[in-house]
Amino acid sequence: MNDPINIAIVGGGAAGLATAIFAAQSGAKNIVILDGAKKLGAKILVSGGGRCNVTHEIVTPADYHGPQPVVRNVLRAFDEHAAVEWFASLGVTLKREDTGKLFPTTDDAHTVLDALTRRCDELGVTMMCDTRVTDVRKADTFELETARGGMRASRLVMATGGKSLPKTGSNGLGWLIVQRLGHTVTPTYPALVPLMLADGFFHAELSGIAHEVELSVYAGGKRIEKRRGSLLWTHFGVSGPVVMDASRAWVIANAEGAGAEVRCSFAAGKSFEDIDAFLAARPPTSAIGSALAANLPRRVVEVLCRHVGIDPAERCGQITRERRRLLTHALTGLTLPIERDRGWNYAEVTAGGIPMSEVDHRTMQSRIVDGLQLVGEILDVEGRIGGFNFQWAWATGHAAGCHLAKSSAFPV
């Protein structure tokens, strides 16, 4: 093996690139990013429909699953405002959409990736693609086995992500490497993932239609999650922001055999009594479908009515109390027949990973292995949809990078 490099960063995604930039900007030298893909940043390029949702207008610890005091401190050290200013310094201006999501004004994820890699070039960071790290041993230095042979590093940063979107290079190998070094890994699950419904349900008839709903996830008959937002009907089931955010709770409860169930309210914020009273008060000669179409897409109304055996053209005055209440139950708590999630290939993030209790949140330094830092999705913290997971990548990269430059364990 050759002389050790100063800092080896395994993984050239958002967190790895951020770590390299902040370390180099603060004075650290001889930084090498190692990535198994032919090009860096594949997940950046596919995120946000190819536009890259860089962060969110407002980011709070409540937007994340993870130890709230720890998440709060990491985000406080590099918040969404700092992220906006940082990207501006890289030549990337951002724009706010109605949802609060922040995208590059170019609407092109290449703008973000190009800015990050260009800054690495300017700072003298070496970026080695097609160099997958397959194992790491700790001696006086870190001894890395790679596709290009053995390497040694004084400091090691693991930014390998989880298992989500494996076509971008995330295959879970980073967890195995870190486990061999002494860390633990919590159970891991696909999160921010579409859900597949049983064949024969009406979802395929509504494919492509989106509208606001409220989803409640139950486990063992107890509600464990409630989300409100846009649902997208698809040929396989349901997707859209509200489904993606609620999916984590269903996936974990289902994996644990806890009797997972998702109920959908088509009248977000309204109770059974509210909707039943609304329907009872409609003019007797008005069509039930017309009464509901003021607040829902007509096609959804038609399919939902027929699902419970009611003709949407039927007059309100002709519907018995029992049948009206049957429709009201469907409108306020329809159980979706979920068969499974759509899997790692469609999951945007991983739930689970290295526990934050094994990491110093101020520096991302391992509490178990001296000289090792852990950043981004490899950690057991994940955010809801909307740019929050990128914010976590920037924030953990900032903490790790700044610490690397200050460390006395190697010359800068």
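Predicted model: local features only at pLDDT ≥ 70, side-chain atom pairs only at ≥ 80, totals over all residues.
Residues are numbered from 1 along each chain as its sequence is written, and side-chain values use heavy atoms, without hydrogens and water. Local features need pLDDT of at least 70, side-chain atom pairs count only at pLDDT 80 or more, and totals for chains, interfaces and linings use all residues.

**Exercise 1.** State how many helices and strands the chain has, and what its C-alpha trace spans.

Solution. Take the DSSP runs, numbered from the N terminus: helices are H or I of at least four residues, strands are E of at least two. The chain has 12 helices and 23 strands.

**Exercise 2.** Give the strand order of the open seven-stranded sheet and find its edges.

Solution. Strands pair if DSSP finds at least two bridges between them. The order is 17-16-13-14-15-12-18, with antiparallel pairing. Strand 17 (334-336) and strand 18 (338-341) each pair on one side only, which makes them the edge strands. Now take one pair. Strand 14 (residues 222-233) and strand 15 (residues 237-239) are joined by two bridges. Leu-232 stands opposite Ser-239 in strand 15.

**Exercise 3.** Which strands does helix 11 touch, and at what angle to strand 16 does it run?

Solution. Count contacts as heavy atoms within 4.5 Å. Helix 11 (residues 321-333) packs on the sheet and touches strand 16 (261-265) and strand 17.

Notes. Axes fitted to C-alpha atoms, helices over the stretch in contact; angles between N-to-C directions.
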